[in-house]
Amino acid sequence: MNCSEENQWSVTDFSPPQMNASLFLVLLLAGVAVMQNTDGFSVGQLFGEVEKAVKKGVEEVAQEVQTGVSAGVQKANKEAVHAANAAKKAASAGVEIVHQTVKAAENAASDHDDVEKTQDGGEAAPRKAAGDGPENTKTAEPRSMVNVITKLVTVTHVIFDVDGLLLDTESIYSKVIEGICAKHGKTFTWEIKAQQMGQTEHKAAKIIIDSLQLPITPEEYIQECKREFEHMFPLVPLMPGAEKLVRHLHEHGVPIALASGSDMHNFQLKTKNHQDLFSLFHHAVLSSSDPDVKHGKPAPDCFLVAASRFADPPKPENVLVFEDAPNGVEAACAAGMQVIWVPDPRADRSQLQHKSEVILDSLEHFKPEEFGLPPYNT
Ligand SMILES: O=c1[nH]cc([C@@H]2O[C@H](COP(=O)(O)O)[C@@H](O)[C@H]2O)c(=O)[nH]1
């Protein structure tokens, strides 16, 4: 039923002119009935009879209107239920189509990757011979668009990265590591930093030592870093938008946790002056200190462990992860979770665009309602 049909139906059944006509008819009949019986009545009795007849007429009209209204309400309810069911059906059909699109895109992307690897260095056999079909040359659909549609109302839990996402510690890491590299006549580049970010301390130490051929052991590198971190980490500020988002989710009862590559000692230093905020998290998984985390980011371990420690462990697809590190985006995606990527300005966004739902310049730009979470009031 369209809008104009709906209006027509309500006007014919319950318009005020029709009510007035009915009332008028009853009054007329009452008057005629009274006139026919005037013989044996006094004027007072006559008025009494007229009053009675009018009252009866009004009651009848009221009854008529009520019956009409409830029939109308029933009709309207039926239409509403019908419309809701149709909408529900259409929505689930749409979600199914989008799910299939994502799957097809991911399959196409992995086929494409395999073909490229073989051409470059013969690492993997292509799943299909080149030219078999259009899939071989397709690139992945950006998850940023399709997944927002499919997962709109499914986020129940949120997991946050720490360094560079909630806390501005990346500038501290850069300063300290640049100093160590400079001592050995080396330069700490963005490419090396991007590989380190999110990794466990030990793995990150090996990455830089191997990349720049530093003449020190991983333990010496870690100890040297720690000496500097000791007085710098307690002064670290929060990233823009971090406090507002964390408090908002907590106030609305959304379960929140942390998953970081850090160790316990550094984590305590970093959060020393932000106890109020960090006490709002249900738990923190620290890859460098946690025995349940076998591999650091980009492996999915820390996110899967973090999800499993909620009071009501969610399915991975119902978890929303906030990350700044490319390794973190890889890890969350490998865990089957949805990812909001807030990258460093130097990051190559095109590389991981297909693995993140949304890419933001700042946490301040996040819109919770886009993921079915309670919106900000202002
Ligand atoms: O420039 C760097 N940033 C970050 C790291 C590593 O990343 C971890 C932070 O992980 P996350 O972003 O998951 O909190 C740090 O503990 C450290 O091991 C590093 O080595 N170098």
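Two strands count as paired if DSSP finds at least two bridges between them. The legends below describe close-up views of a predicted model.

View A. The protein chain has 378 residues, and 40% of them are buried. The chain holds 14 helices and 6 strands. Among contacts with a separation of 6 or more, 67% are between residues 24 or more positions apart.

**View B. An open sheet of 6 strands.** The strands follow the order β3-β2-β1-β4-β5-β6, and their pairing is parallel. The edges are taken by β3 and β6 (358-359), each with a single partner strand, so one side of each has no neighbour in the sheet. In general, strands of a sheet are paired by backbone hydrogen bonds, in a parallel or an antiparallel way.

**View C. The β5 and β6 end of the sheet.** Strand β5 spans residues 338-341 and pairs with β6 in the parallel sense, over 2 bridges. Which residue of β6 is the bridge partner of isoleucine 340? The partner is valine 358. On the β4 side, β5 pairs with β4 in the parallel sense over 4 bridges. In that pairing, valine 339 of β5 stands opposite valine 321.

**View D. Strand β4, covered on both faces.** Of the 5 residues of β4, 5 are buried, and the strand is mostly covered. One side carries Val319, Val321 and Glu323, the other Leu320 and Phe322, and all of these are buried. Strand β4 also pairs with β1, in the parallel sense and over 4 bridges. Within that pairing, phenylalanine 322 of β4 is the bridge partner of phenylalanine 160.

**View E. Helices α9 and α12 against the sheet.** Helix α9 (residues 242-251) lies across β1, β2 (256-260) and β4, and runs at about 155 degrees to β1. Helix α12 packs on the sheet as well, where it touches β1, β2, β3 and β4. The direction of α12 makes about 155 degrees with that of β2.

**View F. Stacked rings of phenylalanine 160 and phenylalanine 322.** The structure has 9 aromatic pairs. In the pair of phenylalanine 160 and phenylalanine 322, the rings are stacked, with 5.0 Å from centre to centre and 10 degrees between the planes. Phenylalanine 160 belongs to strand β1 and phenylalanine 322 to strand β4, so that the pair links distant parts of the chain, 162 residues apart. Are these two residues buried or exposed? Both are buried. Ring pairs join Phe160 and Phe322 with Phe267, Phe278, Phe281, Phe366 and Phe371 in a cluster.

**View G. The salt bridges of lysine 297.** The structure holds 14 salt bridges. In one of them, aspartate 161 meets lysine 297, with the closest N and O atoms 3.0 Å apart. Aspartate 161 is in the loop between β1 (157-160) and α5 (170-183), while lysine 297 is in the loop between β3 (284-286) and α12 (301-308); the pair links distant parts of the chain, 136 residues apart. Why does aspartate 161 count as buried? Its relative accessibility is 4%, and buried means under 20%. For lysine 297, also buried, the relative accessible area is 0%.

A salt bridge also joins lysine 297 to glutamate 323, at 2.7 Å from N to O. Glutamate 323 lies in strand β4 (residues 319-323) and lysine 297 in its loop between β3 and α12, so this pair ties together parts that are 26 residues apart in sequence. Lysine 297 and glutamate 323 are both buried. Through shared partners, salt bridges join Asp161, Lys297 and Glu323 into one network.

View H. The side chains of glutamate 224 and lysine 183 form a salt bridge of 2.4 Å, N to O. Glutamate 224 belongs to helix α8 (residues 218-232) and lysine 183 to helix α5, so the bridge ties together parts that are 41 residues apart in sequence. Glutamate 224 counts as buried, at 14% relative accessibility. Lysine 183 counts as exposed, at 61% relative accessibility.

View I. Lysine 244 has its charged end over the ring of tyrosine 376, 4.1 Å from the ring centre. The charged end of lysine 270 sits over the ring of phenylalanine 233, at 5.0 Å from its centre.

Notes. Residues are numbered from 1 along each chain as its sequence is written. This is a predicted model: local features need pLDDT of at least 70, side-chain atom pairs count only at pLDDT 80 or more; totals for chains, interfaces and linings use all residues. Side-chain values use heavy atoms; hydrogens and water are left out. A salt bridge is a side-chain nitrogen of Lys or Arg within 4 Å of a carboxyl oxygen of Asp or Glu. Buried means under 20% relative accessible area, exposed over 50%, partly exposed in between (1.4 Å probe, protein chains only). Contact means heavy atoms within 4.5 Å. Axes are lines fitted to C-alpha atoms, for helices over the stretch in contact, and angles run from 0 to 180 degrees between N-to-C directions. Rings of Phe, Tyr and Trp (its six-membered ring) pair if their centres lie within 6.5 Å; planes under 30 degrees apart count as stacked, over 60 as edge-to-face and the rest as tilted. A charge sits over a ring if NZ of Lys or CZ of Arg is within 6 Å of the ring centre and within 35 degrees of the ring normal.
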